[in-house]
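Please open the model in the viewer and keep the selection panel at hand. The stops below are meant to be followed in order.

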Amino acid sequence: MFDRVWLNANLCTMADGLGVVRDGAVAARDGRIAWVGPRAELPGPAAETVDGGGAWILPGLVDCHTHLVFAGNRAGEFERRLSGVTYEEIAREGGGILSTVRETRAATEEALVESALPRLDALLAEGVTTIEVKSGYGLETEAEARMLRAARRLPGHRAVSVVTSFLGAHAVPPEYRGRQGDYARMVAEEMLPAIAAEGLADAVDAFCDRIGFTEAETEAVFDAARRLHLPVKLHADQLSDTGGAALTARFGGLSADHLEHASPEGLAAMAAAGSVAVLLPGATYFIREPRHPDVAAMRAAGVRMAVATDMNPGSCPTRSILLMLNMACTLYRLTVEEALLGVTRHAAAALGLSDRGALLPGLRCDLALYRVSAPAELCYWMGGNPCAGRVVEGMPT
Ligand code: DI6
Ligand code: FE
């Protein structure tokens, strides 16, 4: 006997490509998928039957790269950029990330939770059931810890899984101006061990770029992560090729993200290491980065591609993962299948999660239901929300 079964629906299992099953059924027991397949073959009864109303059911979406927790916004900076100042110029002046740092340091944990919830709600409304959240706007131990505690509190308010990444090496805080190396060393030797001791991070991230940290500084942070048995991921090769893709691969990183300037050699190294390429088309769009990730080289090398929002106040103030699907297809020319794998199975892999991302027996029963006529519609609309329901661990939310 199943606890609950969804009928009158079409499925994208994402287990083998899209894995389309027309007129399918999904059955849950104890929060897990107990059976999935054509309705006509459903093996047993269920305590409760849910009419899918002809919807398409996908695994609950995974947003594997966000900076969801922060204070304030950067609309003023956006206005300046409209008059020709670039994202990079603003960062070099001590604005950009550091202006969000000033506001985030001044916010209480409660205030951080409160301001994150509406942004989280927008993602959940589109079918997201798992989200990664980074620190990186505290840049001192207590403020970084506060951001991560705020992120960890979100599942107490909403039905969602949260995975956290420590991004202490995001920018150099004002008190370390001119002493970037000292700050990077402090992140590796003091901040990260303190964050790990409190169990606040599931992974360690860094911003390796010409306005971020050098390859050597990033490597020191990754060495510290390895000593603490924490997996790594990287903001890599976004504004310039600083060898971030290959560095991630050397550490067996979960993912390297952005990758607009990554070399084919770096991407091949990622494929060999099994690191996922996380594509963030909203950031490319918003900072008007002329160069796009080399998707052809990723395909040729066999790198798994994920797609995420990068939701953050500076380079991608979006609240929509469905819009990112459209941008991944339109800007980067991903296929519908690649884009949808990017927010399900490959996004789960980018977080090291093997218990979700596909409709397969034994995985968590996290589902997203959409009123669309075909999966391509999920990538086609630029705005609007066809999500008709979400299920987390077998429970409709
Ligand atoms: N790259 C990004 O896209 C975000 N962080 C990073 O290193 C942007 C963060 C911000 O501008 O606030
Ligand atoms: Fe980011």
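Begin by selecting the eight strands that form an open sheet, in the order 5-6-7-8-9-10-11-12, with parallel pairing. Strands here are DSSP runs of E of at least two residues, helices are runs of H or I of at least four residues, and both are numbered from the N terminus; two strands pair if DSSP finds at least two bridges between them. At the edges, strand 5 (61-63) and strand 12 (305-307) each pair on one side only. Neighbouring strands of the sheet are turned by 25° against each other on average, direction ignored; axes are lines fitted to C-alpha atoms, for helices over the stretch in contact, and angles run from 0 to 180 degrees between N-to-C directions.

The model is predicted: local features need pLDDT of at least 70 and side-chain atom pairs count only at pLDDT 80 or more, whereas totals for chains, interfaces and linings use all residues. Residues are numbered from 1 along each chain as its sequence is written, chains are lettered from A and ligands numbered from 1 in the order in which they are written, and side-chain values use heavy atoms, with hydrogens and water left out.

Next, select residues 233-236 and 255-258, which are strands 9 and 10, paired in the parallel sense over four bridges. Ala 236 has His 258 of strand 10 as its bridge partner.

Which protein donors surround the iron ion (ligand 2)? They are His 65 (NE2), His 67 (NE2), His 235 (NE2) and Asp 310 (OD), lying 2.1 to 2.2 Å from the ion; donors are N, O and S atoms within 2.8 Å of the metal (3.2 Å for Na, K and Ca), and because water is not among the atoms, sites may look incomplete. His 235 lies in strand 9 and Asp 310 in the loop between strand 12 and helix 12 (321-332), so the pair ties together parts 75 residues apart in sequence. His 235, at 3% relative accessibility, counts as buried, and Asp 310 is also buried, at 1% (buried means under 20% relative accessible area, exposed over 50%, partly exposed in between, with a 1.4 Å probe and protein chains only).

Finally, select His 292, in the loop between helix 10 (281-286) and helix 11 (295-301). At 31% relative accessibility, His 292 counts as partly exposed. The C-alpha atoms of His 292 and Tyr 332 are separated by 6.7 Å, although the residues are 40 apart along the chain.
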